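Hello,

Here is the structure I promised to pass on to you. Have a look first, and my notes follow below.

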Amino acid sequence: MPVITKEQVLGALSTVMDPELNKDLVTLKMIKDMQVQDSKVAFTIELTTPACPLKAQIKQDAENAVMALDGVESVDITMGARVPKDEKIKDLSIKNIIAVGSGKGGVGKSTIAVNLAVALANCGASVGLMDADIYGPNVPTMMGVEGLPPTPQNMKIQPAMAYGVKVMSIGFMVTPGQPLIWRGPMLHSAIKQFLMDVDWGELDYLIVDLPPGTGDVQLSLVQTVPLSGGVIVTTPQQVSFDDAARAVSMFKKMDVPILGIIENMSYLEMEDGSQRRIFGEGGGENLARMAGAPLLSNIPIDENIRVGGDQGDPVVIAMPDSPGAIAMEALAQAIAARMSMEIYQ
Ligand SMILES: Nc1ncnc2c1ncn2[C@@H]1O[C@H](COP(=O)(O)OP(=O)(O)OP(=O)(O)O)[C@@H](O)[C@H]1O
Ligand SMILES: [Mg+2]
């Protein structure tokens, strides 16, 4: 029987591609902890995100490639993940910061930010969620969080914890009846403090829910928070397009890579299986074309999404088999994949 060497196994694995990063697993240095004993081979494939949509396919391809080697009887593959760090983010052990924005209010930013964060955490990523919407901080309600836990003296601010996600809202920092003046340098330092003084710990992803619009406040946020990427939410109709296009321009002006466009409330699925386009159509596609970024998802109108938000029980947890939850899960994987591609470029 031929003796198998690690080099042979690596040779076989160098033919297996990560279809999204478009490089082979060996070049991407994804193969770890290899053990070869007689005819038995074991190793770990370390992906760039635990939310990889192609996990099962990559595992199968690797198994097939190694099993095809003469003399291999069994292959034991462990799937792991290590999210690459965006070097732009200094002084924080956060690997990627992703903003969810839109020029228009009420299009579903907070709902998407919440479900994105929870879906990524569900895949095994360490995730934080920062509600930066000073006009209407909705994240606490949508995550079922009432306030912050007590912070011990001389310690950083402890975020709340819900569904495996560390949650912080700008709403927690404002004393009722004493509005902060969200202008100029004070705004900058408030945002900086908001980001730096929270005990985020080590995070793979920090999701930021931006306030609607493209005014000074939004601009300050995008300037102050070191964003690794942004996604822009729109609805199918034209009025939403014009506002969302301004958000695209804002991200571009600030050199924030646009990971993709999300069209929310795209259609309502009828009982006979047909789809009713209540809010028109084409908005997401048009915006994607204008932005030069992919359209990542068309999320249906689903009552479960709304109920999940109102009850503080995100749809991806409360009703994982609903069309809304399935769309949100797929979206989270698409965003994680786009983020990896951005860092590896
Ligand atoms: N796909 C959907 N299906 C059903 N309801 C939805 C969907 N997306 C969002 N909603 C509901 O629409 C409302 C507005 O959503 P959300 O608060 O997330 O929007 P927003 O863009 O964050 O708004 P704002 O600009 O006020 O921050 C919420 O009640 C939410 O539950
Ligand atoms: Mg919101």
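What share of the contacts in the chain with a separation of 6 or more is between residues 24 or more positions apart? The share is 74%, where two residues are in contact if their C-beta atoms, placed from the backbone, lie within 7 Å.

A word on conventions before the rest. This is a predicted model, in which local features need pLDDT of at least 70 and side-chain atom pairs count only at pLDDT 80 or more, while totals for chains, interfaces and linings use all residues. Residues are numbered from 1 along each chain as its sequence is written, and chains are lettered from A and ligands numbered from 1 in the order in which they are written.

**Overall build**

The chain has eleven helices and 15 strands; these are DSSP runs numbered from the N terminus, with helices being H or I of at least four residues and strands E of at least two. Its radius of gyration, taken over C-alpha atoms, is 22 Å, close to the 20 Å from the globule rule (2.2 Å times the number of residues to the power 0.38), so the chain is as compact as a globular protein of 345 residues. The C-alpha trace spans about 80 × 60 × 35 Å along its principal axes.

**Two domains**

The domain assignment, which is automatic or from a database, gives domain 1 (6-81) and domain 2 (94-344). Their C-alpha centres lie 34 Å apart. Eight residues of domain 1 are in contact with twelve residues of domain 2.

Of the 345 residues, 46% count as buried, that is, with 20 or more other C-beta atoms within 10 Å of their own, the C-beta atoms being placed from the backbone (12 or fewer is exposed, in between is partly exposed).

Leaving aside neighbours within four places in sequence, I335 is in contact with I98, L116, V231, L259, G260 and L296.

**One more residue**

L195 sits in helix α5 (residues 184-196). L195 is buried, because 23 other C-beta atoms lie within 10 Å.

Best wishes
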